[in-house]
Amino acid sequence: MFGQAYKKVIIVMVVFNLSACSVVGGLWYERIDQFIANQFLESANFSNTQENYIRKATQEFKYWNIKNELPEYKKLLLRFRLLDSETRIGDIDEIYKKGGVLGNRSRNFFVPYLAELCKTLTNKQIEEIEIHFDGLMEERRFKLGNETKNYQAALEKNFVRFFRLLRVKLNEEQKNTVRLLSSGLKDTRYQLINDRIKWNQQFVTILVLRQEKDFEQILADHINSFSSEDKNTRTGINQITAEILASLDEKQRARFQKRLGVFVASIDQILAREN
């Protein structure tokens, strides 16, 4: 819950989320505050006062995000849409880093609200949050343990799904690109789960110190330390993305650009409604 709210925004998630709002005419995005609030509320049995505080914070986030961040998402999508046969990994890296900046700004928006909320937690609620964290990690381990595909095959499946979202059906040569460039990537999924478990445990320990003088700074530093991916894996994924985008044929590129145009139009509709 808490950790998931601070994952860096990457272009994959931007496209995924905007595709959802494009399907329902912006309704999904209009309810983003409710979605985020419900994620928080799943972690413990909060009082009515705490729930109202959470919903107020996420509503303020929605309006702040629409005013300040959606125009930046639009710029990212337009940049992504312009990628052509000359696309290189540096192009993808730059888009990803800018998406990371947006993710960090969203994270930083919530930190003061989270600090104030945490100060009101009871010992029982902290125990409930710990149990919630443990359950999430158990579920993640279970799903990974039941994964029938190896790591490279799972990556290929994810790339096929991602480009299908963009209305691009990868051909065999492009799928082979995924296989070839992912062959040297190390499967760090279990390690990332273990790292997340350690981060969760430290988070719960920090909650116990919620009445200490330096609590807000300690909490902010810990949240800023959150990471959900391996740097080498990210480099590999960006390289694969660049290679595929550079290899799109005329029909694929037309569908790709049209689909991203729909996402951009959805942002314009949301911004027009709010202005």
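Reader: Is F40 buried or exposed in this one?
Author: Buried, because F40 has 6% relative accessibility, and buried means under 20% relative accessible area, exposed over 50%, partly exposed in between, with a 1.4 Å probe and protein chains only. This is a predicted model, where local features need pLDDT of at least 70, side-chain atom pairs count only at pLDDT 80 or more, and totals for chains, interfaces and linings use all residues. Residues are numbered from 1 along each chain as its sequence is written, and side-chain values use heavy atoms, with hydrogens and water left out.

Reader: And F110, buried or exposed?
Author: F110 counts as buried, because its relative accessibility is 6%.

Reader: What's the geometry of the F40 and F110 pair?
Author: Tilted, with 6.2 Å centre to centre and 40° between the planes. Rings of Phe, Tyr and Trp (its six-membered ring) pair if their centres lie within 6.5 Å; planes under 30 degrees apart count as stacked, over 60 as edge-to-face and the rest as tilted.

Reader: Where do the two sit in the chain?
Author: F40 is in helix α3 (residues 32-41) and F110 in helix α5, 70 residues apart, so the pair links distant parts of the chain. Helices here are DSSP runs (H or I, at least four residues), numbered from the N terminus.

Reader: Which residues are in the aromatic cluster there?
Author: One cluster is formed by F40, Y53, F61, W64, F109, F110 and Y113. Over the whole structure, the search finds 13 aromatic pairs.

Reader: OK, cavities. How many of 30 Å³ or more?
Author: The count is 1. On a 1 Å grid over the protein atoms alone, a cavity is a set of points where a 1.4 Å probe fits but cannot get out, while a pocket is an open set with protein on both sides within 12 Å along at least five of seven lines; lining residues have an atom within 4 Å of a point.

Reader: What's the volume of the largest cavity, and what lines it?
Author: About 80 Å³, the space filled by probe spheres set on grid points joined across faces, edges and corners. Of its 10 lining residues, F40, A57, F110, Y113 and L114 are the closest to its centre. Helices α4 (48-81) and α5 each give two or more residues to that lining.

Reader: Switching topic, what volume does the second largest pocket have?
Author: The second largest pocket comes to about 160 Å³. Its lining includes R196, K198, W199 and E229.
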